[in-house]
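Colleague: I've just opened this one and I'd like to go over its rings and strands with you. Could you take me through them?

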Amino acid sequence: KGAIAEDKVSAFVTQRNIDNAVGFNLGATATIGDTTLLVQFAPITPIIGYKNWEINEDNYLMYNLANHHIDAKMLMSSDESHLNLYTEHTHANNQQEDIVLNINNIKLSELMSVSPFAPPIKGVVSTDMRFHLGESSIGGNGVVSIDDMYFGRDRVGSFQLGVDLNTDKSKKMTADVSLLVDGVKTITATGSLNDTTSTSPINLDFSMIKFPLHVINPFLPRNTAKLSGLLNGEMDVTGDLSAPKFNGYIDFDTTMVKINMIGSSFHFSEDKVPVNDNVITFSGYEIKGANENPLTISGVVDMGDFIAPKIDLTMRARNMQFMNSSRGKGADVYGKGFINLDAGVKGDLSEMDVDASLTLLGGSNITYIMTDATSAITSQSTDEMVKFVQFSDTLEVAEADTVEMSSMALNIDALL
């Protein structure tokens, strides 16, 4: 709800759950003066994420319309959590002071609890940032961290993002960014963006040092796959925002993917995969299963168009053991499996041609468990299994015989 009266505009938001518990209750009043815009928050005892908070009674955010000066004093606290946004204002001159944002021990789960549709994320957020607003430059530096982040029941990790960004009057931005995962520096990016004085408005050096792939696992569909190992890489990013150019390499380090359905793992080669002008080149890149006979990949993936990358790959395997597992929890298929494979994939995401020959070799002994098959079949409704229509009724025929069009055409020529 809100109100408008003379020079003031007020808005108040209250949210309740199905049990009538208040999850959010906060409001603000904006006062428009001749040269200033003043915003004050009320009540000073709001509810945010079903928790009681307190705001300093003399809180304010003020913007001077004439000289663009910003002043702030908002100090919020709740138990061990706090959020402070303020300027260290002095009346000696009109120079813009740093705007300080300090957040400590804000629990993501409490903020997410306001919405029943929020993802199941937990973690503790802290921030210590300073923003500099000059006449010809804007910048900011500091640290943003999430400690003990969980997605559902699985721990993702602790993350600390170090940021130092500055822009000048030509709108050129210089950046120095780093990411720590569980206390280890894994990603750095330094360089410039939007440099209109250069033939390459973007000039970034991106480096990935032993990035732990296990942080991806909580976001994968449950019981599908599990990643382990590290990812290294270096990339020079040039060009402009509409057509960036990537040059460098990616390098898997002791990387393994376990496929839950078959209870088997695949090991990725530690050979560097080069990237030249957005073209990723595979030159006999090997992925090994349960024996030493690899699946070999050769060809290119052209990422010149990120929306429709062009793929031209061949895959070959001889006596590759892709499965060597006993019946385990979550495995629908187990046993031993050996294959020969010759395959080619060519096209883009709108039209892909796949030509493959796959042979299951002697010595294979594979069991597929169908524990739920009978109950699944008996529980299926027989309604609409066979539907009789009047062919003279074109609408009814169209509804009964309409296949949803796909945005991708996949042409497969396979020999099994």
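This is a predicted model: local features need pLDDT of at least 70, side-chain atom pairs count only at pLDDT 80 or more; totals for chains, interfaces and linings use all residues.

Colleague: How many aromatic pairs does a search of the whole structure find?

Modeller: The search covers the whole structure. The number of aromatic pairs it comes back with is 4.

Colleague: Take Phe 246 and Phe 306: are they stacked or edge-to-face?

Modeller: Their ring centres are 5.7 Å apart. The cut-off for edge-to-face is over 60 degrees between planes. Here the planes sit at 80°, so the pair is edge-to-face.

Colleague: How many residues apart in sequence are the parts that this pair ties together?

Modeller: Phe 246 belongs to strand S18 (residues 243-259). Phe 306 is in the loop between strand S22 (295-302) and strand S23 (310-325). The pair therefore ties together parts whose separation in sequence is 60 residues.

Colleague: And does Phe 306 count as buried or partly exposed?

Modeller: Buried would need under 20% relative accessible area, and exposed over 50%. Phe 246 has 25%, so Phe 246 counts as partly exposed. Phe 306 has 42% relative accessibility, which makes Phe 306 partly exposed.

Colleague: Phe 282 forms an aromatic pair with which residue?

Modeller: The two rings are 6.0 Å centre to centre, with 70° between the planes, and the pair is edge-to-face.

Colleague: Now the charges: at what distance from the ring centre does Lys 272 lie over the face of Tyr 249?

Modeller: To count, the NZ of a Lys has to be within 6 Å of the ring centre. Lys 122 has its charged end over the ring of Tyr 150, 5.2 Å from the centre. For Lys 272 over Tyr 249, the distance is 4.3 Å.

Colleague: On to the strands. How many bridges pair S21 and S22?

Modeller: S21 and S22 form a hairpin, with 6 residues between them. One of the bridges puts Glu 286 with Thr 296 in S22. The pairing is antiparallel, and the bridge count is 7.

Colleague: In the hairpin of S20 and S21, which residue takes a positive phi?

Modeller: Strand S20 (residues 273-276) runs antiparallel to S21, joined by 2 bridges. Val 275 stands opposite Ile 280 in S21. There are 2 residues between the strands of this hairpin, and the residue with a positive phi near 50° is Asp 277.

Colleague: Last one: which residue stands opposite Lys 288 in S21?

Modeller: Strand S19 (residues 264-268) pairs with S21 (residues 279-288) in the antiparallel sense, over 2 bridges. The residue opposite Lys 288 is His 267.

Notes:
Residues are numbered from 1 along each chain as its sequence is written. Side-chain values use heavy atoms; hydrogens and water are left out. Rings of Phe, Tyr and Trp (its six-membered ring) pair if their centres lie within 6.5 Å; planes under 30 degrees apart count as stacked, over 60 as edge-to-face and the rest as tilted. Helices (H or I, at least four residues) and strands (E, at least two) are DSSP runs, numbered from the N terminus. Buried means under 20% relative accessible area, exposed over 50%, partly exposed in between (1.4 Å probe, protein chains only). A charge sits over a ring if NZ of Lys or CZ of Arg is within 6 Å of the ring centre and within 35 degrees of the ring normal. Two strands pair if DSSP finds at least two bridges between them.
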